[in-house]
Amino acid sequence: MMDITREVEILLVEDNPDDVELTQHALRAGKLCNSIHVTRDGEEALDFLFCRGLHADRSFDRPVQLVLLDLKLPKVDGLEVLRTLKNDPRTRRIPVIILTSSREEKDLITGYDLGANGYAQKPVDFDEFREAVRQLGLYWLVVNIPPPPLHGEK
Amino acid sequence: MTLLEIQKSKLILPSFVLAVLVLLLAGLGAYRQGRRNVAAEQLVRHTFQVRGELNTTLSLMQDVETGSRGYVISGEESYLEPFNNAVQLVPQEIQRLRQLTADNPEQQRRLDALEPLISLRVRTAEADIVARRTRGPSAAEQTLSAGQGKRSMDAIRGTIAEMAAAENRLLEHRSDELRASNAQTLALFMALVVLLAGLLTAVLFMVRRNAAALQRELELTEKARVYAENIVDTVREPLLVLDAGLRVQSANRSFYQIFRVTPQQTEGKLLYELGNGQWDIPALRPLLAEILPQHTSFQDFEVEEDFPGIGRRTMLLSARKLFRVGNSTDSVLLAIEDITEHKKAEAMFRGLLEAAPDAMVIVNRQGDIVLVNAQVEKLFGYGREELIGRKIEILVPERSRQEHAERRSEFSAHPHLREMGVGLELYGLSRDNREFPIDVRLSPLETAEGTLISGAIRDITERKRAEDRLRKLNAELEERAVALKIANQELEAFTYSVSHDLRAPLRHIDGFSKILQEDFAPHLPAEGQRMVQRIRAGARNAGQLVDDLLGLSQVGRRELKLEVVGLKGVVEAVLRDLEGEAQGRDIEWRVGELPFVECDAALIKQVMANLLSNALKYTRPRPKAVIEVGTRQKDGQAVVYVRDNGVGFSMKYADKLFGVFQRLHRAEDFEGTGVGLATVQRIVHKHGGRVWAEAELDKGATFCFTLRRGLEDEGAA
């Protein structure tokens, strides 16, 4: 059976409040949303992930388990966030799933080239969207074994 | 003949003269010796004669003695007969002896002594006879015994013996002389014979050597003659040798070949009567006539005549006096050159030159214009006669003349083909000082007068103008291309933004409607529920439309990734995708043999997906759908078709079928955005193929397409 008692932490990087709400709704429906954090732009997302600024109290020892990343973001866009994340040894093992409206080939290619762990398009049909989010959560939070914490390496 | 041999041959004559002299000498010697011998013989005979006469005289005297003594002793008269006879003959003998020895005073003296002795003896004998006759035998015997007669007889004998001895001595002396003379002569003869033999041998040797040399010389001369004849025969120009009367002495092979005549028709004939008299040319007669008397010659006298058998030809005649060693008669050598082909070639060359589309200028290595064509006159405005002999720089603008002359010298030193429009910007200068851009193609022209340079000049004013126009157009085109690129980028940005921004609100509408439906269902009346349902359907529709449009625009922007694709596999994959849609329906799929084609796999899959899902959609009203996929040949091209037994459509709307948003059915009956077939068409066109549909209302439809590459060549797999 699924281990849903395990502590999970999802970072949702999404500027559109509607999308935030629908995504949260979907995650809730999948009973996977124990701990979800939302950042509304790229800069804030980076602050959160790199434990700085408003999130200076966070520690790299407790990384998020999954980042759901929209591409079109204010200030720093999603691909830039991805690049920064994957270029830093402290953050590059964090699974990042691109969750976006776009199915542009160039976004797909750039995303994977930068080290995205997955790419999902938000379907227009909410039923489909919900199902997609549920499966994503199930896989990445339950089936997938996350990388060990950084301090364990040293 | 070598120098030595010549010198030897010069010795022949003196040797021969010497031999003749020796022979004459020998003859003279022989003659003299002969004469001497005859004289000697006469002397011998003379001696013998004298001795004979002496003997006769002695014998007569003995007759006198014995006759007289016989008579004295016997008294017989018969003894007196020889006595008388002898007495009578003795004086004659004496006389004869005197004559014979007249040249010898010694013998004459002895004769003088002999004569009285004889007379004494005769008188003694006569006295004895008289004594016998008159006094008898005793008296006579007394007389005899007195011995008078004996003493005179001994004296006579002695004298005669003396004379004979003298003659003998003389004879001996002369014989010795003769012998010596003979021996001398013999020795001389021997010497002369040896000399003569030597000389004659030498002469013979030299003559033989000379004869051999002469033979060799003759052979050489013969060889030289044959050689010369061969050369004459090999000469390609016809040659005639004429005698002083201008009759043909001989002609070479070439003459017979070129004029197609035989030696019988030629040799011995008067030049002017050859053929049909074509050589009888008034201007030629005086030229030929004065060659021999005036020692003149002429060269390249041009003649154009009709020649029997070979037609009209142009000939160049050259003639000169021919000197022949060993032949005192004068001859004229007439050389004939057939320049008809040359003339034709020249005419052709001039024709070509005039017909050339370019202005053609031919210059020599010094840059003097040799030849121009009409195009040059037209282009530069000069008459031909104004240009021939002038420097080519007359056609070059003043400012470039110096440079042009230098370049020309360089080119003359190493002539090569120079193509048009290589590197330089050249300008021509016309007679009225107008400059115009030209293109020049240079090529060396090998001629008998040396290397000439031919230049083809083309006025490129128009081309320059066209080039300028083209450049301008290109610039404009480039500008437009940039603008187009910008527009495309904008379009891309637009579609990107559409995909993001338009889909998002639709998604939200559907999402919140769904939440409303689910979470607030108890508070919504049935009509409200239905409205929410409609909102969701509209949102999904719009979302589908956006997705389809994006797909269509992506096809347009996408670069084809060509690979060889088996269509059968593609169709099978599409059918798997359609399984959900097909669920619960009675469908017969007839998938025939399909080819391998070179195409973009993803796009061709989209084509098949669109066509097959259309077929599935429009057969929905049928209790049993029959959908067929296959290949057939049309106009030598493989055509892939998808046939269904669905509702079909009227062919009068066929032209609208592939337009964007064009729909032939109502949305209530068959859902759709009107983008699918437009996408199919765009993909097929992008592959260079063609797509069309055949249908009849309510009787099904067939969609066909071809792809330019692969379909025609590849057989069904």
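**Entry 1: A:Lys75**

I began with A:Lys75 and counted 14 other C-beta atoms within 10 Å of its own, so A:Lys75 is partly exposed. The model is predicted, and I read everything below with that in mind. I placed A:Lys75 in the loop between β3 (66-69) and α3 (78-87) of chain A. Its phi is positive, about 65°, although A:Lys75 is not a glycine.

**Entry 2: B:Arg260**

I then looked up a residue of chain B with a positive phi. B:Arg260 has phi near 55°, and this residue is other than glycine. I found B:Arg260 in the loop between α5 (253-259) and α6 (263-266) of chain B. Is B:Arg260 buried or exposed? I noted 12 C-beta neighbours inside 10 Å; a residue with 12 or fewer counts as exposed, so B:Arg260 is exposed.

**Entry 3: chain A overall**

I listed the secondary structure of chain A and got five helices and five strands. Along the sequence I read the pattern β-α-β-α-β-α-β-α-β-α. Chain A has 154 residues, of which 38% count as buried. I also looked at the contacts in chain A with a separation of 6 or more: 67% of them are between residues 24 or more positions apart.

**Entry 4: chain B overall**

For chain B the secondary structure came to 17 helices and 17 strands. Chain B has 717 residues, and 25% of them count as buried. Among the contacts in chain B with a separation of 6 or more, 61% join residues 24 or more positions apart.

**Entry 5: where chain A touches chain B**

I looked up the contacts between the chains. On chain A 16 residues take part, and on chain B 15 residues. Which helices of chain A each supply at least two residues of the side that touches chain B? I found α1 (17-29) and α5 (126-143) of chain A. The most comes from α1(A), which gives four residues to that side. By class, I sorted the side of chain A that touches chain B into eight charged, four polar and four nonpolar residues.

**Entry 6: helix α4 of chain B**

I took the span of α4 of chain B next. This helix runs over residues 148-234 and has 87 residues. From its first C-alpha to its last I have 124 Å, close to the 129 Å expected at 1.5 Å a residue. I then asked which residues of α4(B) are buried. The list is B:Gly149, B:Ser152, B:Met153, B:Ile156, B:Thr159, B:Ile160, B:Met163, B:Glu167 and B:Leu199.

**Entry 7: α14 and α17 of chain B**

I checked the packing of α14 (residues 526-557) of chain B against α17 (residues 676-686) of chain B. Their axes are 10 Å apart and the angle is about 10°. Angles under 35 degrees count as roughly parallel, and α14(B) and α17(B) are therefore roughly parallel to each other. From α14(B), the contact uses B:Asp548, B:Gly551, B:Leu552, B:Val555 and B:Gly556. From α17(B), I noted B:Gly676, B:Ala678, B:Thr679, B:Arg682, B:Ile683 and B:Lys686. By class, the contact of α14(B) with α17(B) has four nonpolar, four polar and three charged residues.

**Entry 8: α15 and α16 of chain B**

How do α15 (residues 567-582) and α16 (residues 601-618) of chain B cross? Their axes come within 9 Å and cross at roughly 40°. That angle makes α15(B) oblique to α16(B). I recorded the crossing of α15(B) and α16(B) as right-handed. On the α15(B) side the contact is made by B:Val570, B:Val571, B:Ala573, B:Val574, B:Asp577, B:Leu578, B:Glu581 and B:Ala582. On the α16(B) side I have B:Ile604, B:Lys605, B:Met608, B:Ala609, B:Leu612, B:Ser613 and B:Leu616. By class, the contact of α15(B) with α16(B) has 11 nonpolar, one polar and three charged residues.

**Entry 9: B:Val647**

I counted 21 C-beta neighbours inside 10 Å; 20 or more is the cut-off, so B:Val647 counts as buried. What does B:Val647 touch, not counting residues up to four places away in sequence? I found B:Tyr618, B:Pro621 and B:Asp698. For B:Val647 and B:Pro621 I noted a separation of 26 residues in sequence and 7.7 Å in space, C-alpha to C-alpha.

How values were computed:
Residues are numbered from 1 along each chain as its sequence is written. Chains are lettered from A and ligands numbered from 1 in the order in which they are written. This is a predicted model: local features need pLDDT of at least 70, side-chain atom pairs count only at pLDDT 80 or more; totals for chains, interfaces and linings use all residues. Two residues are in contact if their C-beta atoms, placed from the backbone, lie within 7 Å. Ala, Val, Leu, Ile, Met, Phe, Trp, Tyr, Cys and Pro count as nonpolar, Asp, Glu, Lys and Arg as charged, and the others, Gly among them, as polar. Axes are lines fitted to C-alpha atoms, for helices over the stretch in contact, and angles run from 0 to 180 degrees between N-to-C directions. Angles under 35 degrees count as roughly parallel, over 145 as roughly antiparallel, 65 to 115 as roughly perpendicular and the rest as oblique. The expected span of a helix is 1.5 Å times one less than its number of residues. A crossing is left-handed if the near helix is turned anticlockwise from the far one by less than a right angle, and right-handed if clockwise.
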